[in-house]
Amino acid sequence: MTQLILEQALNGLQFGLMLFLLAAGLTLVFGIMDMINLAHGSLYMAGAYLTAAATQASGSFMVGIATAMLATAVLGALVEVTLLRRLYARNHLAQVLATFALILIANEVVRMIWGAQPVLLNTPEELAGPVRIGGFLYPAYRLLIIAVGALVAGLLYLLVSRTRVGMWVRAGASNREMTEALGINVRLLFTAVFAAGAALCALAGAMLGPLLAVQVGMGESILILAFVVIVIGGIGSIRGALVGSLLVGLVDTLGRAALPSLLRTFLSSEIASNLGPALASVLIYVLMASILVWRPEGLFPARS
Amino acid sequence: MGFYTTSTPRRIAAIALLAVLVGLPWMLQAIDQSFYVSLASRMLIFALAATSLNLVIGFGGMVSFGHAAYFGIGAYCVAILAEGGIVSAAYAWPVAIAVAALLALFIGILSLRTRGVYFIMITLAFAQMVFYLVVSLKTWGGDDGLSLGHRSSFGAFDLKDDTTFYFVVLALLAFVLMALDRVAHSRFGRVIQSIRENETRMEALGYPVFSYKLVCFVIGGALAGLAGALLVNQTGLASPNLLHWMQSGTLMVMIVIGGVGSVMGGVVGAVLLMSCEEAFVEISPHWQIGLGLVLLAVVLWAPLGIAGLVGWGRERE
């Protein structure tokens with residue numbers, strides 16, 4: 001039983017760290033420019049597809065990821081400069097719709113290039129087997145995801161909290177006008193942040209690609225989770241995004257694993273097997289709603 | 001456009017439009033395309049759903065991103081009741097409306113405590129809860145949805161006949177639009193629109209802002225429930241897709257194309273969007289690109305939608 005919980009906790013950690021890669025870019029975009037970007041999930045999808053294509057072309061997963069991250073960053077910067085810039089001054093409804101339109105376009109473009117069928121992205125062979133940690137076997141690839149996620153999260157945290165660029169980003173998120181008045185080119189800074197966020201999306205897409213399916217629409221399901229994360233964490237806060245990601249990752253994974261058997265202890269097994277998955281899948285939304293009712297600005301609001 | 005300025009040209013235009021819609025089944029019969037009656041019903045049902053969202057977003061200023069929940073719940077209510085043997089529209093439809101209204105009341109009470117982006121996200125979260133609950137409950141068909149054996153019965157009217165069904169939908173939509181027009185010009189409508197413009201000021205003037213917004217939110221939910229009840233009768237299937245957040249997005253798209261805060265905005269948007277879909281599907285399997293580009297163009301260059309372009313909408317802020 002403890003082994004099962006430990007294994008599920010590792011899975012939750014792995015999922016949470018990948019969510020963080022998405023949420024980090026999203027929360028900064030949101031915090032600095034007050035912009036809702038629904039198309040963030042499309043960058044994740046683009047990253048996964050580009051990784052699959054580049055891996056197939058080069059034969060190396062590493063080259064695939066690097067190429068995809070670079071290409072997605074360029075793509076993100078292009079979209080930011082040509083389109084999203086025009087939306088910063090508009091209301092949220094306009095932003096939601098314009099980026100909703102981008103989702104439709106992105107999905108269709110991917111369908112035109114790669115077709116409607118899921119694309120195969122295999123786990124690199126040397127990582128396909130399990131490794132023994134403590135008393136149980138755990139897939140090596142998932143362990144790698146945890147390591148990469150933790151490394152990137154740590155680097156990002158240092159970048160944002162310890163460097164001059166990070167200071168600009170935090171200043172931009174808490175008060176854009178004042179930062180501009182102090183002579184920081186927030187526009188340029190923001191394009192850079194957006195490109196970096198896109199690269200992180202691509203990394204998440206590439207890492208999760210072999211575990212989940214690389215298919216059209218993969219961006220939408222994870223996008224909503226990323227939004228849940230940043231709303232729980234407080235919009236514009238990297239620390240909030242990290243806490244929120246881990247919380248959502250763990251609650252979701254452990255809930256799915258434990259709730260059905262937990263319910264079985266005091267309900268008939270028929271009801272429990274029906275109700276368990278239902279409750280588990282709404283758990284994170286219950287978490288989000290209760291956090292918002294308790295603290296309407298999230299756990300770590302950037303503009304306090 | 002100020003209050004109480006319903007001009008004669010507008011009235012004539014409305015009557016002409018109604019006349020065309022009433023005559024539509026015969027026109028289609030004349031050109032031997034009766035198949036389109038069913039599509040027309042579908043468009044009018046989505047027009048009703050979009051109008052209910054327009055009441056919440058356009059008039060109430062509450063950007064709700066979870067409207068599909070009420071729409072879908074209305075559809076599921078009718079299908080579940082039919083499963084239990086209750087097929088009379090006189091029972092099933094009011095139940096669908098009431099359940100959707102109760103859901104909106106519950107979600108509204110909790111969500112209206114938040115503002116701006118957080119409101120958008122919390123309404124989305126609640127809609128997602130409803131979506132996942134319904135999808136994971138095997139008794140209601142799970143992923144496959146719940147099919148409706150036969151259409152609701154409605155006294156002397158035979159709803160199984162597509163044309164009769166079309167007229168029932170048209171009558172309900174016309175009634176709702178007339179009521180919305182009256183409400184928009186009523187005391188309640190003025191207060192709710194003033195809250196949209198300046199909530200703090202209305203609060204300071206002593207209006208119970210929260211209650212006004214909540215009432216508006218619940219009416220919007222109830223009307224969406226009615227639209228859902230009609231839709232399940234049209235398609236014969238209560239599908240989880242109706243509850244999906246992309247559905248909420250599509251309804252938003254409709255009112256933005258048509259005109260946010262314009263009485264006819266939802267209708268114009270729904271009819272235009274669905275006609276575009278039908279037309280683009282004919283041209284190319286990748287019609288969603290066209291749809292996306294049209295939508296981008298509307299957001300960038302016609303922020304008040306079609307209604308704004310032709311001068312039906314409210315004034316620019």
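**Group meeting: a predicted two-chain model**

**Group meeting: a predicted two-chain model**

On the scale used here, a residue is buried if 20 or more other C-beta atoms lie within 10 Å of its own, exposed if 12 or fewer, and partly exposed in between, with C-beta atoms placed from the backbone.

Before I continue, a word on the source. This is a predicted model, in which local features need pLDDT of at least 70 and side-chain atom pairs count only at pLDDT 80 or more, while totals for chains, interfaces and linings use all residues. Residues are numbered from 1 along each chain as its sequence is written, and chains are lettered from A and ligands numbered from 1 in the order in which they are written.

To return to B:Val37, its place is in helix α2 of chain B, residues 35–59. Helices (H or I, at least four residues) and strands (E, at least two) are DSSP runs, numbered from the N terminus. Leaving aside neighbours within four places in sequence, B:Val37 is in contact with B:Pro25, B:Leu28, B:Asp162, B:Thr163 and B:Tyr166. Contact requires that the C-beta atoms of two residues, placed from the backbone, lie within 7 Å. From B:Val37 to B:Gly58 the separation is 21 residues in sequence and 29 Å in space, C-alpha to C-alpha.

Let me now turn to chain B as a whole. Chain B has 13 helices and two strands, and its C-alpha atoms fill a box of roughly 55 × 45 × 45 Å along the principal axes. Of the 317 residues in chain B, 50% are buried. Among contacts in chain B with a separation of 6 or more, 76% are between residues 24 or more positions apart.

Helix α7(B), residues 187–197, and helix α9(B), residues 209–235, pack at an angle of about 110°, with their axes 10 Å apart. The angle makes α7(B) roughly perpendicular to α9(B). Axes are lines fitted to C-alpha atoms, for helices over the stretch in contact, and angles run from 0 to 180 degrees between N-to-C directions. Angles under 35 degrees count as roughly parallel, over 145 as roughly antiparallel, 65 to 115 as roughly perpendicular and the rest as oblique. B:Val191, B:Ile192 and B:Ile195 make the contact from α7(B), and B:Val209, B:Tyr212, B:Lys213 and B:Cys216 from α9(B). These residues divide into six nonpolar, no polar and one charged. Here Ala, Val, Leu, Ile, Met, Phe, Trp, Tyr, Cys and Pro count as nonpolar, Asp, Glu, Lys and Arg as charged, and the others, Gly among them, as polar.

Chain A comes next. Chain A has eleven helices and two strands, in the order α-α-α-α-β-β-α-α-α-α-α-α-α from the N terminus. The box filled by the C-alpha atoms of chain A is roughly 60 × 50 × 35 Å along the principal axes. With 304 residues, a compact globule would have a radius of gyration near 19 Å, and the 20 Å of chain A agrees. Buried residues make up 50% of the 304 residues in chain A.

Two individual residues of chain A follow. A:Ala258 lies in helix α10, residues 238–264, and is partly exposed, with 16 other C-beta atoms within 10 Å. A:Asn175 sits in the loop between α6 (164–174) and α7 (176–181) of chain A, and its 13 C-beta neighbours inside 10 Å make A:Asn175 partly exposed.

How do the chains meet? The contact takes 35 residues from chain A and 36 residues from chain B. On the side of chain A that touches chain B, α4 (92–114), α9 (218–233) and α11 (269–294) each supply at least two residues. The largest share, 16 residues, comes from α4(A). By type, this side of chain A has 28 nonpolar, four polar and three charged residues.

Finally, the largest nonpolar core has 207 residues, of which A:Leu97, A:Ala202, A:Ala226, B:Val78 and B:Ala100 touch the most other members. Such a core is a set of buried Ala, Val, Leu, Ile, Met, Phe, Trp, Tyr and Cys residues joined through C-beta atoms within 7 Å. Helix α1 of chain A, residues 2–33, gives the most to this core, with 16 residues.

Technical notes. The radius of gyration is taken over C-alpha atoms; the globule rule is 2.2 Å times the number of residues to the power 0.38.
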